[in-house]
Amino acid sequence: MSDHSSLESRAVPAAIQTKRRFSIVWLVPLVALVIGGWLAFKAIREKGPTITITFATADGLEAGKTKIKFKDVEIGHVETIALSEDASKVVVSAKMVKGIEPYLTDQTKFWVVRPRISGGSVSGLSTVLSGAYIGIDGSRVGASTRHFTGLETPPVVTIGQPGRHFILQAETLGSLDIGSPVYYRQIQVGQVVGYGLNQDGKSVEIKLFVQAPHHTQVMENTRFWNASGVDLTLNAQGLKVDTQSMVSILTGGIAFDLPKETAPGEEARENSKFFLYADRNAIQEKRYTIRNYWMLLFDESVRGLSVGAPVELYGIKIGEVVDLKLEFDVNTEKFIVPVLVVMEPERISATQKDEALKMIQKDPEIFVKTLVEEQGLRAQLQSANLLTGQLMVNLVFVPDAPKIGITQRGNYRVVPTIPGSFERLQESLSKIMANMEKVKFDQIGGELQQTLKETRSAVADIGGLARQVNRETAPKLHNTLVELQKTLVEVRQGLGTDSPLNYNASKTLEELSMTMRTLRELINTLESQPQAILFGKERKNGEK
């Protein structure tokens, strides 16, 4: 017991220490956690959107390697490549960089950049070594989306370039393609950046880009035309060849300018729409708003007549052929060719044009109807080009034509027709051939052979007579001529200057001259002294 107490007295009192609430060791994971959270927040905040692009094939694309570039700057990369549900296409999932969201709209275009050789340019050669990549043409216009359909043909990227886009409407695309040049006075100022069908599918819309500062030359009344190929014109001035460049001959092109003697209008705005004319000459033609359709019925060959052939009056175009076909009339059991034409009355000037146009708009048929019924207007086919054999519709006035009114065929009024000049020529030739068939050429041939036989016989008789004359008559005639020559010599000798006949003739002439002189004196005396017959000639003073 004592020992225990002594031990307690000798023991050192225990020192009580309080436990620390925070250890410095925990600072390391806390700092790591903060840094990780900040990095995660930063990664989430800077994380770009994920998009899907549908392509026809994955040629040249690799998951995790293929990049998405804009102007050779990487803005994304391909993460996965998979087939669509029906295995008809390829769906590419790509991660984009932060800040690209405003350009991901339904107007944005994606395409695969590969080596391409087209008629006008060579592109994508850099991908031969580096591999294919996906190109982008971003657009802020349109609704935001994350699903896109890739283009099979790369477009022309114009984003960020100064200039304006314009839209052309044409019936067909022709030889135009993306990248086809756009010319202004034979200087390339832009190019075609896209094309497609319009909403109704009846025409083509061509989108082009004109670079600054040339876009200011496009006015509201500017006209565009197809400058593809070579335009040949043969007129009174000769042969004219017109082309923009060798590139337009090979790959096509578009040109624009103002029509002649046209004042510039206001500058055309972005995405203004224009009509694409066929050639440069077509831009000089006015576009008319009033178009009246008429039907022409021909019962003759229309070979050489085609859609677009002109309808002329006095050599001036007032319309064109719209459609033609071949029909069989069951009632008459004959073939006919209905030709649908369109006439534009605005092409015809008038002293009171505004009133005339109002009258035509009120009653479109009144103009042609009056000409047909009162002045004998008729339609006929006529040759438009002797070299190509093309035909046209010519409207002529036939004063002695029978009175025929306007008839109706389906939804169109019918203008009477007359045979064309070529058809009338064929009828004349047919009549001549019919008359020729009536001639009895066999009988004429027989009579002609008989005449030839008689002619040969007569020629033979004449030949015999000539031989007889040469053999018998000619010698006698020669002797007669010799004797006649001798007689003429004797006569010449008898009539010489010293011949008796010549001397006696001279004496006789002298005596005759004296007699005439005496007779003239007698006549003068009787005229002045008629009494001299009874009393004799009176003597003048001094006469004996």
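Visitor: How do you know that strand E12 and strand E13 pair, and in which sense do they run?

Guide: In this predicted model, strand E12, residues 187-197, and strand E13, residues 204-211, are joined over seven bridges in the antiparallel sense. Pairing requires at least two bridges between two strands, and seven bridges are found here, so E12 and E13 count as paired.

Visitor: What do E12 and E13 belong to, and in which order do the strands run?

Guide: They belong to a closed barrel of seven strands, which runs in the order E10-E13-E12-E11-E17-E14-E18 and has mixed pairing. From one strand to the next, the twist averages 35°.

Visitor: Which strands form the open sheet, and what makes some of them edge strands?

Guide: The open sheet consists of seven strands in the order E5-E8-E2-E3-E4-E1-E9, and its pairing is mixed. Strand E5, at 109-113, and strand E9, at 147-149, are the edge strands, as each of them pairs on one side only. Neighbouring strands of this sheet are turned against each other by 30° on average, with direction ignored.

Visitor: How do you know that strand E2 and strand E8 pair?

Guide: Strand E2, residues 67-70, and strand E8, residues 133-137, run parallel and are joined by two bridges. The requirement is at least two bridges, so the two bridges found between E2 and E8 meet it, and the strands count as paired. Within this pairing, lysine 69 has glycine 135 in E8 as its bridge partner.

Visitor: Why is alanine 82 called partly exposed?

Guide: Alanine 82, which lies in strand E3, residues 73-83, has a relative accessibility of 41%. Buried means under 20% and exposed means over 50%; the value of 41% falls in between, and therefore alanine 82 counts as partly exposed.

Visitor: Which residues does alanine 82 touch?

Guide: Leaving aside residues up to four places away in sequence, alanine 82 touches Lys89, Val90 and Val91. The C-alpha atoms of alanine 82 and alanine 58, which are 24 residues apart along the chain, are separated by 9.1 Å.

Visitor: Which residues make the nonpolar surface patch, and why can valine 31 be part of it?

Guide: The patch, of about 410 Å², is made by Val31, Ile35, Trp38 and Leu39. Valine 31, which lies in helix H2, residues 27-46, is partly exposed with a relative accessible area of 47%.

Methods:
Residues numbered from 1 in each chain as written. Predicted model: local features only at pLDDT ≥ 70, side-chain atom pairs only at ≥ 80, totals over all residues. Heavy atoms only, no water. Helix = DSSP H or I, 4+ residues; strand = E, 2+ residues; numbered from the N terminus. Axes fitted to C-alpha atoms, helices over the stretch in contact; angles between N-to-C directions. Patch = residues over 30% accessible without salt bridge, like charges linked within 9 Å, V, L, I, M, F, W, Y side chains within 5 Å. Areas by Shrake-Rupley, 256 points an atom, 1.4 Å probe, with all protein chains shown as cover. Salt bridge = Lys/Arg side-chain N within 4 Å of Asp/Glu carboxyl O. Buried < 20%, exposed > 50% of the residue type's maximum accessible area, 1.4 Å probe, protein only. Contact = heavy atoms within 4.5 Å.
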